[in-house]
Amino acid sequence: MTSTDYDIAGIDLSDDRYTVVQSLIRSKYEVLDADGNTVLKGKQKRFRMKEQFPFVDADGNDVFSVKAASIIDVAGDYLLTDSRTGEDLVVLDNDYSIFQDTWTIRDGDTRAKLAEIKSRGALMILLREKLPFGEWIPPKYEITDADGNHVGTIRGQFSLRDRYEITIDDASTVPKEPIVAAAIVIDAIQGH
C-alpha cells in the first residue's frame with residue numbers, strides 16, 4: 001500500500017507544512033496550510049461515552065472523524081473513518097507513559113504499522129507533567145515511517161492557545177491526514 005491509499009475524499013493535504021491552532025474554546029481546532037488558508041476544522045465532542053472528533057473542510061463539509069475504540073481511555077485506539085465512504089482508514093494507537101508518548105498509525109484493516117509519532121526527550125515529558133505550569137513547555141514529536149526513518153516533526157509553539165507546526169519532510173510512504181488528525185487528538189486527549 002502507498003500513502004495515497006489513505007487519501008480522504010473531499011480534502012487535499014498536498015503541502016509539506018501545516019499549522020494546527022486551538023481556538024479559545026478548548027475543544028476546537030483549525031488546520032492551516034502553508035499559505036495560511038483553513039483546510040480542516042476539528043472539534044472534540046464533549047460528554048460522550050467515547051471520545052469523538054469530527055473533522056470538516058473549510059466549507060463545513062464532513063470529511064472524516066476520529067473516534068475512541070473504548071470508553072474514556074487516555075492510552076488507547078482511535079479509529080479514523082472517511083465520512084463520505086464510511087471506510088475505516090487507519091487506527092491511531094496510543095501507548096502513553098510518563099517518559100514517552102508514542103502514537104502508532106496503523107492500517108484500519110490489517111493493523112500494519114504505517115507510521116509512528118513519538119515525543120522527544122523523557123526529561124521534557126517529565127517537566128511538562130510534574131512542574132507547576134509545565135504544560136506551557138511546548139511539546140515536540142518526531143514522525144517516522146514503518147521502518148523508523150524520519151518523516152517529519154510536530155512542534156508545539158509557545159502561545160496562550162495551543163499551536164503546533166507540522167512539517168513533513170518525506171510523505172512518500174506515510175499518509176498525511178492521520179498525522180494532522182493525530183496532532184489534534186494528542187493535544188485534546190492529553191490536555192496539552
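Which side chains meet in a salt bridge at 3.6 Å, N to O?

Reply: The pair is formed by the side chains of Arg163 and Glu165. A salt bridge here is a side-chain nitrogen of Lys or Arg within 4 Å of a carboxyl oxygen of Asp or Glu. The model is predicted: local features need pLDDT of at least 70, side-chain atom pairs count only at pLDDT 80 or more, and totals for chains, interfaces and linings use all residues. Residues are numbered from 1 along each chain as its sequence is written, and side-chain values use heavy atoms, with hydrogens and water left out.

Arg163 has 31% relative accessibility and counts as partly exposed; buried means under 20% relative accessible area, exposed over 50%, and partly exposed in between (1.4 Å probe, protein chains only).

The structure holds five salt bridges. One of them joins Asp16 to Lys176, with the closest N and O atoms 3.4 Å apart. This pair links distant parts of the chain, 160 residues apart: Asp16 lies in the segment before strand S1 (17-22), and Lys176 in helix H2. Helices (H or I, at least four residues) and strands (E, at least two) are DSSP runs, numbered from the N terminus. Asp16 is partly exposed at 45% relative accessible area, whereas Lys176 is buried at 12%.

Arg106 pairs with Asp93 in a salt bridge, the closest N and O atoms being 3.1 Å apart. Arg106 belongs to strand S8 (residues 101-107) and Asp93 to strand S7 (residues 88-96), so the pair ties together parts 13 residues apart in sequence. Arg106, at 23% relative accessibility, is partly exposed.
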